[in-house]
Amino acid sequence: GTSMIKTILDATAWLNFARADAIDTLMSAISGRCAVGLLVERYEMLRWPNGSARAGQPFSFKPFLDAGDLELATMSQAEMAHFHETKAKYHLGDGETEALVIALSRGWRVATDDGPARKRFGAHNPPVVLTGTIGLLRELVHGASITKAEATTMLARMRGRGGRLPNEDI
């Protein structure tokens, strides 16, 4: 299965978990199997999103990186070259492009809730393994980190606080 594969989350997925104040839950559940790209860490996830308990406060991945729960993924020179090609080809944001390039290069999967990115990733050859916030929540339930009721509450919070999510249930 995909349980041990590393997952790189783009900003849309991080923001959804942040909206539900559930990043700690995610990190403890999939500790060591999760990554954030340098561009997302440095330029995109700068503040807690509106609706979260810490809305507007500076956001930092540092505690999770320091604890070893999370890997900071920095593109190699080869990945950087591929980044520029891929960005031009797909017209995606930097964070989505970074996640795609790293996932393809390293055999990881991407978690994104960006609709256009999901469509383009799905059409990519070779295919990239794709998940999103709802997929991650289902895994947390499956792994007994949270109950289905808790996951459903988190999802409702994400939606209620402005999260962009597919119209699916847990």
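Buried means under 20% relative accessible area, exposed means over 50%, and partly exposed covers what falls in between (1.4 Å probe, protein chains only). The structure is a predicted model, so to speak of local features takes pLDDT of at least 70 and side-chain atom pairs count only at pLDDT 80 or more, while totals for chains, interfaces and linings use all residues. Side-chain values use heavy atoms, with hydrogens and water left out, and residues are numbered from 1 along each chain as its sequence is written.

On that scale, Arg-138 comes out as partly exposed, with a relative accessible area of 35%. Its salt-bridge partner is Glu-168, and the closest N and O atoms of the pair sit 3.0 Å apart; a salt bridge here is a side-chain nitrogen of Lys or Arg within 4 Å of a carboxyl oxygen of Asp or Glu. Arg-138 belongs to helix H8 (residues 133-142) and Glu-168 to the segment after H9, so the pair ties together parts that are 30 residues apart in sequence. Helices (H or I, at least four residues) and strands (E, at least two) are DSSP runs, numbered from the N terminus. Glu-168 is partly exposed too, at 36%.

A search of the whole structure turns up 9 salt bridges. One of them joins the side chains of Arg-161 and Asp-21, at 3.1 Å from N to O. Here Arg-161 is in the segment after helix H9 (148-160), and Asp-21 is in the loop between helix H1 (11-19) and helix H2 (23-29), so this pair links parts that are 140 residues apart in sequence. Arg-161 has 28% relative accessibility and counts as partly exposed; Asp-21, at 30%, is partly exposed as well.

Lys-87 and Asp-94 also meet through their side chains in a salt bridge, at 3.0 Å from N to O. Lys-87 is partly exposed at 30% relative accessibility, and Asp-94 is partly exposed at 33%. Elsewhere, salt bridges link Lys-6, Glu-71, Glu-79 and Arg-106 in a network.

Arg-106 turns up again around Ala-73, a residue of strand E3 (residues 70-73). With 0% relative accessibility, Ala-73 counts as buried. Leaving aside residues up to four places away in sequence, Ala-73 touches Ile-8, Ala-35, Val-36, Gly-37, Leu-38, Glu-98, Ile-102, Arg-106 and Trp-108, where contact means heavy atoms within 4.5 Å. As for Leu-155, 82 residues from Ala-73 along the chain, the two C-alpha atoms are separated by 27 Å.
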